[in-house]
Amino acid sequence: MSLSKALGAECIGTFWLVLGGCGSALFAAAFPELGIGFYGVALAFGLTVLTMAYAIGHISGCHLNPAISIGMAVGGRFSWKNVIPYIIAQLVGACIAAFVLYMVYTGRPDAFVGSFASNGYGENSPGGYSLAACFLIEMVLSAGFLFVIMGSTHRLAPVKFAPLAIGLCLTLIHLISIPVTNTSVNPARSTSQAIFANVSWPLEQLWMFWAAPIVGAVIGAAIYRFLMSSRNGKDGDVVTVDETVVETD
């Protein structure tokens with residue numbers, strides 16, 4: 001599998017994640033009498049990752065998230081030289097999805113874009129949580145997400161069920177943190193929504209939703225790699241694609 005095809009898969013997969021997850025938050029979460037609420041949005045994000053993991057996991061590894069690509073490289077499962085191309089592809093896919101959502105959202109005559117499902121802290125946190133609290137929850141949940149991804153895709157795990165574990169983990173993450181930050185754990189998702197928001201604070205606060213998920217992913221990967229190195233001296237088999245692209249179990 002060539003690098004270009006893997007990048008195309010990442011672009012499509014991240015498009016699907018933002019379209020499904022942020023789309024559910026924008027259109028369905030508070031729909032009168034039939035709204036899906038926090039539970040529905042959390043499930044929607046989990047389903048986007050679950051479905052794409054089965055669809056493109058064998059093509060690109062289905063990262064769909066700059067923090068995951070960096071974390072997987074730290075964990076020895078992904079080539080550092082492909083991290084930047086992956087991040088660019090993920091950002092492109094996320095922004096295309098946000099553009100589609102924007103066009104649909106503004107299709108109503110009374111539409112007011114506002115924050116456009118952006119992530120925020122302080123007075124822009126759904127529950128009014130402080131910067132420190134928001135940074136901590138994003139970092140810890142990102143670490144846990146990376147830990148689950150590395151564990152469920154390890155050669156000793158039942159890897160055919162890995163998408164279920166990863167999708168359910170992302171659902172759990174959203175159930176915990178939607179009230180705190182509107183849940184990021186994904187810099188691409190945060191960036192795309194901030195760009196199309198009709199207020200200034202999402203871009204002003206965007207730095208945190210890059211920093212915290214990346215720090216958390218690095219921590220999660222380092223912990224998992226340490227545990228596996230303590231067990232048997234290495235962290236599973238590495239499979240390369242065309243000697244340039246994906247390295248997974």
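Student: In this predicted model, are H5 and H6 roughly parallel or antiparallel to each other?

Tutor: Helix H5 covers residues 131-152 and helix H6 covers residues 162-181. They pack at an angle of about 175 degrees, with their axes 9 Å apart. Angles over 145 degrees count as roughly antiparallel, so H5 and H6 are, to each other, roughly antiparallel.

Student: Which side chain meets Arg108 in a salt bridge?

Tutor: The structure holds 1 salt bridge. Its N to O distance is 3.0 Å. Arg108 is exposed, and its partner is exposed too; that partner is Asp110.

Student: How many helices are there in the protein?

Tutor: From the N terminus on, the elements run α-α-α-α-α-α-α-α-α. The count of strands is 0, and the count of helices is 9.

Student: What radius of gyration does the protein have, and does a compact globule have a value near or far from it?

Tutor: The C-alpha trace spans about 60 × 35 × 30 Å along its principal axes. For 249 residues, a compact globule would have a radius of gyration near 18 Å. The protein agrees with this, at 17 Å.

Student: What percentage of the residues in the protein is buried?

Tutor: Buried here means under 20% relative accessible area. Of the 249 residues, the buried ones make up 51%.

Note on methods
Residues numbered from 1 in each chain as written. Predicted model: local features only at pLDDT ≥ 70, side-chain atom pairs only at ≥ 80, totals over all residues. Heavy atoms only, no water. Axes fitted to C-alpha atoms, helices over the stretch in contact; angles between N-to-C directions. Helix = DSSP H or I, 4+ residues; strand = E, 2+ residues; numbered from the N terminus. Parallel < 35°, antiparallel > 145°, perpendicular 65-115°, else oblique. Salt bridge = Lys/Arg side-chain N within 4 Å of Asp/Glu carboxyl O. Buried < 20%, exposed > 50% of the residue type's maximum accessible area, 1.4 Å probe, protein only. Rg over C-alpha atoms; globule rule 2.2 N^0.38 Å.
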